[in-house]
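These are my notebook entries on one structure. I set down what I looked up, entry by entry.

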Amino acid sequence: MPANMNPKKNPMPTQEAAVRAHNFQEVATGYSEEVAIDEAMRCLNCKNMPCVSGCPVNIHIPEFISKIKEGDFEGAYQIINITSSLPAVCGRVCPQETQCESKCVRGIKGEPVGIGRLERFVADWHNAHATEKPQPVPSNGHKVAIVGSGPSGLTCAGDLAKKGYQVTVYEALHTAGGVLVYGIPEFRLPKAIVQKEVDNLVAMGVDMETNIVIGKTLTVDELFEQGFEAVFIGSGAGLPNFMNIPGEAYKGVYSANEFLTRSNLMKSYLDNPVTPIMKGGKVAVVGGGNVAMDAARTALRLGAEKVYIVYRRSLEELPARKEEVEHAMEEGIDFRLLNNPVEILGYENPDDRRDPKNGFVTGMKCIKMELGEPDEKGRRRPVPVEGSEFVLDVDTVVMAIGTSPNPLIKSTTKGLETQKWGGIIINEDTGLTSREGVYAGGDAVTGAATVISAMGAGKLAAKSIDEYLSDK
Amino acid sequence: MYKIVSKKELNPTVTKMEIEAPFVAAKAEPGQFIILRVDEEGERIPLTVAGYDRQKGTVTIIFQIVGGTTEKLNHLEEGDSLHDFVGPLGVATHTEGLKKVCIVGGGVGCAIALPIAQKLHEIGCDVTSVIGFRSKDLLILEDEFRAASSRLFVMTDDGSYGREGNVCVPLNEMFGAGETFDEVITIGPLIMMKFVVAATKPTGIPCTVSMNPIMIDGTGMCGGCRLTLNQDGKKVTKFACVDGPDFNGYEVDFDEAMSRGAMYHDFERHAYEEACNLFKK
């Protein structure tokens, strides 16, 4: 079969911007079988497989795409499944444009092969058609504990379970999935897909224990006392950062973590929610990462009449995925670039201290910025333009400017070395921490990063744990 | 699922429940809290631990019926189960080395103050307790406090029981008579704690307050429970779920905490009415 030499990717079908801005259903609707085969035909099946080197979990990309060409979608899934535990998730949220697809030879003279879209197609096809449940592998007698059921923990658990380890995953919240459940919104990653991945792990024999906070309910040392021989810490992002500007305690100022957790995990987006959230009005989201895009687009879907992204640098420096930025712009999010908040304003009635409006946000004072000299990382530093302050008329402010690692494990695990800012220190080749048998990965190590890098860390730790326990 | 082992009405709006939660019971200390969900779609609410039995593996909670969730919780009976129950969260109240302490509890806050008084009493500390309620109908845990204290003042706002007045009345009398303590620990409505702090301040006695802001995850992730401390003229943001719930009362910005606590007031009232209507049918 000759390759499809169309320089452009098959576009991803999506809900119309005007429609999707008002619902929580998934934005991208996925390739059909015909389109998937057509896209697969664009792959040249390069011998040196540059794409694989761009994938943090080294999915055998040309191989699975070859199966799609043949129409053997289940076969394609089985190839992905060798290296990735969460293909339906990765196909949706990985930044392929900076990973596998950035290395694709087709990208030199046109657009790279839509690897992410094909991965998603294969995973969805499998989920819709597969009849066989994953089976437990005979136990090798070794017990491993995983702290946190986010992307790094689930990946580590999956890889170890496939090798016959008895794995217990401890989750602090009432639902497994970590950031995939509380952080990433339904319209980008349907919760049913995460649940399916979790169910698969449970079918493989992984014990999923919710409502257990490691560092509080149990400590890492107690896990060893209970007979676990190795522990992986994937406890994820911690406390949200604020800007430390006046007015951040006013009602209507949320961290992105809180705003998204209310909407996603606690289902505040429902018409008659049990957990409240501020809906409607005018919303400013401060920050330029994927989390900021998620928060802004969530606010829009919750019924906001106007949503701003306020970011202190320019479009070029926006750290969010290009696709997310484009989607947000299409939906009507107003990007206020080169703007930086200096104060949040609130209502105060001097004549009536009991006025119920007291203490609610009424606006956000910002200052215009310009880009100055590049800093040590080569990014041009934003500098305030003197006298350019103005007030953005808003009722809700969401701070999406990063997090610092969760303090609970650090403070209760003796001998666990951390960076000054709280990140757990690991050997980058193995994922091993300063404690024997204790491994770590994901945001708990790196600070806020991507789902796939967390998965890569979970995978690396699983490999190291396997080597460590096999030698024991 | 977490079984309700026993349930007792302490007064018309306050209920005590013993919950089977061996992991939590094994670790809980006075001053720490738990988070529960009543059912699969429920909200997460924090409640401070009111007691625990390590042998039986149970944790006691005492709650006031104030909103939709506590109304639903109160409709569960012995033998029913809670969907989720996680903890113990937060930092336990500091009790080490204390020889003479005054505990000041207000309303349902007394439920949280009691295990602290009991723990102090156990370690040989001299405990003076001041407990205050709006009226006699709302009085709880009097006998338990008496057993754990060398001196007990019971106050009611309307004078229907004990002495008339708020908790600051005996506090001011003691301070006026030159009495001193290693520490004053106060738990109750924010406005009461604010006044206890103000009354204690001139004496220079350390004053610890137990904060109970709105929380979601309770594990140091969402930042909803943040409050502002004034430390040496600098404003510092702290998180009640991991840094607290106990804080130095002299540093807490109570006005801000009161304002933030009322954020969802209208929503809560509506949810409460809806829950009540649900059970009327």
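How many salt bridges are counted between chain A and chain B? I found two salt bridges between chain A and chain B, where a salt bridge is a side-chain nitrogen of Lys or Arg within 4 Å of a carboxyl oxygen of Asp or Glu.

Entry on conventions. I note that this is a predicted model, in which local features need pLDDT of at least 70 and side-chain atom pairs count only at pLDDT 80 or more, while totals for chains, interfaces and linings use all residues. Residues are numbered from 1 along each chain as its sequence is written, chains are lettered from A and ligands numbered from 1 in the order in which they are written, and side-chain values use heavy atoms, with hydrogens and water left out.

Entry on the salt bridges between the chains. I looked up Lys267(A) and found a salt bridge with Glu41(B), with the closest N and O atoms 3.6 Å apart. I also looked up Lys27(B), which forms a salt bridge with Glu222(A) at 2.5 Å between the closest N and O atoms. This pair crosses between chains, from helix α1 (residues 22-27) of chain B, which holds Lys27(B), to helix α12 (residues 220-225) of chain A, which holds Glu222(A). Helices here are DSSP runs of H or I with at least four residues, strands are runs of E with at least two, and both are numbered from the N terminus. Lys27(B) is partly exposed, at a relative accessible area of 24%. The classes are buried for under 20% relative accessible area, exposed for over 50%, and partly exposed in between, using a 1.4 Å probe and protein chains only.

Entry on the interface. I recorded 46 residues of chain A in contact with 39 residues of chain B, contact being heavy atoms within 4.5 Å. The area buried between chain A and chain B is about 3500 Å², and carbon and sulfur atoms give 58% of that; buried area is the accessible area (1.4 Å probe) that two parts lose on being put together, summed over both. On the side of chain A, the residues that lose the most area to chain B are Asn211(A), Lys216(A) and Val274(A), together 17% of what that side buries. I counted 16 residue pairs in polar contact between chain A and chain B, both residues at pLDDT 80 or more. A polar contact is a pair of N or O atoms within 3.5 Å; within protein, one must be able to donate a hydrogen and the other to accept it, and residues adjacent in sequence count only if both atoms are side-chain atoms. The elements of chain A that give two or more residues to the side touching chain B are β5 (253-255), α13 (256-264) and α16 (407-412). Of these, α13(A) gives the most, with four residues.

Entry on α13(A). Which elements do the buried residues of α13(A) pack against? I found α10, α11, β5, α14 and β13 (396-399) of chain A, together with β15 (226-231) of chain B. Nine of the nine residues of α13(A) are buried, so this helix is largely enclosed by the rest of the structure. Among them are Phe259(A), Leu260(A) and Arg262(A).

Entry on salt bridges within the chains. The structure holds 41 salt bridges over all chains. I looked up Arg188(A) and Asp294(A), whose side chains meet in a salt bridge at 2.7 Å, N to O. Arg188(A) lies in the loop between α10 (179-182) and α11 (191-203) of chain A and Asp294(A) in helix α14 (residues 290-301), so the pair ties together parts that are 106 residues apart in sequence. Arg188(A) and Asp294(A) are both buried. Lys119(B) is partly exposed, at a relative accessible area of 24%.

Entry on Glu78(B). I placed Glu78(B) in the loop between α2 (68-74) and β7 (81-82) of chain B. The side chain of Glu78(B) reaches the backbone nitrogen of Lys7(B) at 3.4 Å.
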